[in-house]
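Dear colleague,

I am passing this structure on to you, and below it you will find some notes on what turned up when I went through it. Please look at the sequence and the model first, and then read on.

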Amino acid sequence: MSKNALFRSVYALPPLLALLAAPLVAPGVALAAEPIRIGVVTPLSGTYAPIGQQVRWGLELATKEVNAAGGILGRQVELLFEDEEANPAVATQKAEKLFQVNKVDFLTGTVNSGSTLAVGQLAERNGRLIATTVSFSDAITTDKCSPNVFRVNARAGQQSAALAEWLAKDKPKAKVYYLGPDYEMGRSTVAAFKEAAEKTGAQSTGEVFAPLGSKDYSQYFGQLRAARPSVLYTSTAGNDTVRLLTQMGEYGLLRNLTIVGASGTVTAQNIGAIGKAADGFVTGVGYSAELATPENKAFVAAFRKAYDTAPDLYGADSYGLIGFFKAAVEKAGGTDTEALRKAMEGLSWNTPQGTKTMRAGDHQAVQDMYAVRISSDGTNNRFDVVGTVPGEKAIGPDLCTRF
């Protein structure tokens with residue numbers, strides 16, 4: 001086969017299979033084998049339900065493509081979903097059921113960083129591996145790292161590196177105020193960006209943390225005005241961001257103030273509800289649907305065809321996780337925990353946002369990072385890449401000492 005013919009044959013496959021260029025298996029072989037079961041503990045209700053929806057869509061799309069091509073080592077992949085309600089206590093109960101009753105081979109889906117830390121401890125006790133595609137807290141792969149936990153998405157420190165570099169160039173010596181949700185992720189993301197921004201010349205003017213699921217953010221606006229910042233950094237997410245930015249607009253706080261934040265603050269899932277208040281928001285992120293690569297264009301087209309909406313970072317990272325898991329199981333020759341862990345460490349695999357490598361020392365994926373600015377007129381929305389930081393520069397040092 002000529003080189004051009006080979007290229008055409010690969011990109012005629014579904015996006016994930018084209019990325020992995022995996023050999024196909026005869027359909028009858030896959031159906032005869034026991035399925036590989038992946039437990040998915042993710043928020044299907046509550047303020048983080050839109051995030052859980054993207055997680056579900058990304059996993060289901062990739063799994064459908066893998067199964068249609070014969071599965072993994074001739075075995076079909078089965079996803080078993082449970083609603084974690086963005087609550088660590090609920091997440092551990094549901095994960096325990098999946099490990100003990102459903103006998104899942106692997107687990108993913110946790111969104112709340114506290115849930116990922118708690119379910120990681122549970123995975124250690126059950127001798128199984130998990131991976132998060134969403135949680136931001138640096139602690140998950142630094143001081144609270146676990147040999148049974150992997151993270152395929154970018155952590156807070158990686159996001160902050162890209163955003164701080166953009167801020168230093170576009171808004172030098174900015175005066176920054178911080179508003180985050182009052183739990184593990186919120187405090188971790190604020191601390192990470194504060195450190196990165198101050199290193200590049202920004203001045204911190206104050207910070208406040210609001211309970212998850214806050215209905216009224218106006219009680220914090222007096223502190224914000226008094227601090228007289230030029231930039232507001234926030235790491236709210238889901239419906240919390242809708243309420244925050246909408247209320248800021250109603251109180252006239254969006255004029256003469258640049259809003260930046262964590263990659264999960266404004267996404268494809270909540271921007272419709274935020275409307276024009278999202279215009280000009282800038283974030284550091286590992287994915288944009290606007291990335292102009294053949295692999296990403298194929299993924300976005302497949303995602304839109306399946307769900308009639310664009311993927312966001314959660315959908316893309318969850319889609320890519322199945323590729324990571326497939327490559328590791330094939331390398332390990334099965335789902336034995338020790339062999340699978342060894343196969344995952346140092347593994348490189350292709351995703352819609354480019355090649356990722358799982359750093360062996362802390363189980364954190366290394367990937368290029370982007371500064372993305374949102375353009376919104378209330379109807380049409382774009383997530384335009386305005387800066388790039390190479391993965392090796394954004395990742396930072398390995399601070400995990402447990403393994």
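Which residue in strand 3 is the bridge partner of Gly-39? In this model, which is a predicted one, the partner is Leu-107, and the two strands concerned, strand 1 and strand 3 (residues 106–108), run parallel and are joined by three bridges. Strand 1 also pairs in the parallel sense with strand 2 (residues 77–83), over seven bridges, and there the bridge partner of Val-40 is Phe-81. Between strand 1 and strand 2 the chain passes through helix 4 (residues 49–68), in a β-α-β crossover that is right-handed. Strand 1 itself (residues 36–42) is mostly covered, with six of its seven residues buried.

Turning to the nonpolar cores, the largest has 99 residues, and Phe-193 and Tyr-233 are among those with the most contacts inside it; helix 13 (residues 313–332) gives the most to this core, namely 11 residues. A second, separate core has 15 residues, including Val-41, Leu-80, Phe-99 and Leu-122. Leaving aside its neighbours within four places in sequence, Phe-193 is in contact with several residues, among them Leu-163, Val-176, Tyr-233 and Val-260.

Finally, Ser-214 lies in the loop between strand 7 (203–210) and helix 9 (221–227). Because its relative accessible area is 8%, Ser-214 counts as buried, the cut-off being under 20%. A polar atom of the Ser-214 side chain lies 2.6 Å from the backbone oxygen of Pro-211, and, not counting residues up to four places away in sequence, Ser-214 touches Asp-240 and Arg-243.

With best regards

Methods. Residues numbered from 1 in each chain as written. Predicted model: local features only at pLDDT ≥ 70, side-chain atom pairs only at ≥ 80, totals over all residues. Heavy atoms only, no water. Helix = DSSP H or I, 4+ residues; strand = E, 2+ residues; numbered from the N terminus. Buried < 20%, exposed > 50% of the residue type's maximum accessible area, 1.4 Å probe, protein only. Polar contact = N/O pair within 3.5 Å; in protein donor to acceptor, adjacent residues only side chain to side chain. Contact = heavy atoms within 4.5 Å. Core = buried A, V, L, I, M, F, W, Y, C linked by side-chain atoms within 4.5 Å. Pairing = 2+ DSSP bridges. Right-handed = clockwise from strand over helix to strand, strands pointing away.
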